[in-house]
Amino acid sequence: MAGNQTSFDADVESHLEAPMRCMGLYVAAASLICTAAIAADTVHGFWRKRYWFPSRYFALNATSLTLLAVAVKLPMDLTTRMYAVTDRLAKVSSLVFISTAMANFLPSLGSMSDNDVLMNVTALSILIVTVTVNVTIQVIQIHAFLNARVAFPEEILAIGCMLLMLVMFASTALMIPSTKTYLEKKYHDMHKTATNEEMLDTGRSCNMKLRGLIKKYWVMAETSSPQFVIARSVTCTTSGVVSLIIAAVLLEVEIRMAMRVDIFNQSVSSYDWSTKWVLISQTIGVLLGTVAPPSRWFVAINCRSRNEGSSKTSIRDAFFTVEGYWTQKMVEWRRSSLSVRIRHRTSRKLLHHLRGVFLKLCIFLQHAVVLSSKLLLFVSVCVTIPIVSCVGYAGKLKRRKGISSEYPTADPDSDIGRYVLLLEGEVKLSTKSLENILNEVDSVIRKGKKRKPTNLSILVNRSCNWDGVTEFDSCRIPRLHSQDVPYCWSLPIVTLTSIALALPNVEKRKSEQLMKSVTEGISYVKLIDETLDKKGCLENIRTAADVVWVQVEMYHKWQDRDLRETALTGENADEILRQLCDRAEKTVVEFLREERDCLMKNPLNWPAHVIVANSMYRIGRTMLLSHGGESDETDDRVFEHLSATIADVLAACLTNLGRVITIKCHRNAIEEREESVRKAALLLGETEEIIAHLHQRELPFSDVDQTASIEEWRAVIERGNKVNIETGASEYREEIVDIKVEV
């Protein structure tokens, strides 16, 4: 009976352990995903010549923490017996892997808000503490068998490095709010300087001014990037040293064990052969992950070796002084009042005192961490300074560039080095680093030039004046509502294009060319609409234009009506226009008759299809009014007139490109600036020729603020036309009077 029970228990245990191999593969897969993200960041850093390797793909967030929690399952497994060589090495590799991962995504703390930093660092701390506690429990429970435990010293060292990396995380997280505030102030000061220089710079062309402006803001955004600031910090360089050491430890123990046994086929645990794949995937991850963190350390050594003076004062300030931003936040917390309301004064005083003691201890520990990191960097500089000096001298002999200033200049009139934003106590950015930053600007602009909108340029060049901006909608057309529906730039362009595509008897080649041109231009028009509509008043109008454009571009439809079928069924342009106008008018009238919502009294709140229909009604009726009485007006001539009107509206809209690029350069959110300036540089490269062409044309007004809205354009041009008509009438009356006097 006992034998049967034993056999039954063995069968049950065998069935329960069967999925463990799949679990091992799951751990290996999670490790490979993390490895792929680390590799992507590494390749991206080399490709962009950002040797501080920003965390773009592998960052500290819920996804990466979940993957790491899966990747370290083996060290947290308390019940499975894992004493063979492959099993033990897999456990050690898991501990080393998480330390390497932490070193790689440390800079990603800079891209988070203060609350996100707190939440993510807390979650990471819970994971690290849980792993440490599990390993400690295992050690305590089997302390009598530690002599036979393979790679036990390496396991303890890996745990120590993992905890040290967590300390680096906490220390870095505490200085982030202060550094962001400090750099924010410096950025706004330099923004004022750049704005003043732009106003005084009247000698260069528009494109050259925009290039210079982009370079200034690019340098400011790049050097004040929170990720770059963290990558330059001494805690981040220390994490690079730790990751290098722990990777060497893992390789040492693997090589040592491989010299004795086959390390990939020595598993006796329930995970069986799957531990081999865990070991392989995590070893690859450690090797790839030991590129970026040590690189940050080497870059820091290089900068310090080339920039630090040899005087005692400079050495003391650089390596043995803790800057205020490291502890500023904790000092503020210590001095502030309690957020918890406690009525009893004695209890409140005691709690305040205890908090002060705790924060004082934290400040002391922060000082210790920073000074230790600086001491490590100082030793590294002392050891490597002869090598760095020789390499630098050899490089100078090879290049012979003869750089006369500390930094290269962006243009002949201004020193771009003034726009490098550094923290208190930081060494000046190396010339090579700044050259890489400026070269990246030129690279992005060149990339934009390769994507320049050729078809759009052809259409814009057809515009000779600004008449089309006012002529597409006549005030003589009766309104369907008591209030006018305002236009954004994209709505009349989309509506005019829809009409043009619906015209019969027009060459297919011309229609396709117009479609290509408008398709290239509409993305810029949307960008201008969105950027210059700061209050968001026309958001609903922009949405309506976007909705109808999707239908026109993708399906050649307007309000679910196929424009190609319309072109086939209609006899001429007038008939097509009447059909479109009648349908649009019916849509608006029925909506106004049936709608009872008080919000709909404001046209800005209308649904998208009603806004689009109102636009079609007014523009279509205007077209009929302008040429309906001419019997010799052919469809082809109507199409050409529509194309010219679209060209005028597009040209007027695109005069705002320089303004949009300038706005894109300056963003208030520190986390968004780098990407925003990149988009501005790309936009300049794409539209440089269009900007230069439109800059040569005379605008109907001198105030650039009036170019933002199409309604302002229309008002100014109509006001100017009215003045011209009155002036002409006055001159005519004066001529009549003169003739009568002569007679």
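Trainee: Leaving aside neighbours within four places in sequence, which residues is Ile661 in contact with?
Mentor: Ile661 is in contact with Leu210, Ile214, Ala680, Leu683, Leu684 and Ile691. Contact means heavy atoms within 4.5 Å. This is a predicted model: local features need pLDDT of at least 70, side-chain atom pairs count only at pLDDT 80 or more, and totals for chains, interfaces and linings use all residues. Residues are numbered from 1 along each chain as its sequence is written, and side-chain values use heavy atoms, leaving out hydrogens and water.

Trainee: How many residues has the largest nonpolar core?
Mentor: It has 129 residues. Trp489, Leu654 and Ile661 have the most contacts inside it. A nonpolar core is a set of buried Ala, Val, Leu, Ile, Met, Phe, Trp, Tyr and Cys residues joined through side-chain atoms within 4.5 Å. Buried means under 20% relative accessible area, exposed over 50%, partly exposed in between (1.4 Å probe, protein chains only).

Trainee: Which helix gives the largest share of this core?
Mentor: Helix H25, residues 635-654, with 11 residues. Helices are DSSP runs (H or I, at least four residues), numbered from the N terminus.

Trainee: New topic. Is Arg88 buried or exposed?
Mentor: Buried, because its relative accessibility is 1%. Arg88 sits in helix H5, residues 85-105.

Trainee: What does the Arg88 side chain make a polar contact with?
Mentor: The side chain of Glu155, at 2.5 Å. A polar contact is a pair of N or O atoms within 3.5 Å; within protein, one must be able to donate a hydrogen and the other to accept it, and residues adjacent in sequence count only if both atoms are side-chain atoms.

Trainee: And Cys34, buried or exposed?
Mentor: Cys34 is buried, at 0% relative accessibility. Cys475 is exposed, at 77%.

Terms used
Helix = DSSP H or I, 4+ residues; strand = E, 2+ residues; numbered from the N terminus.
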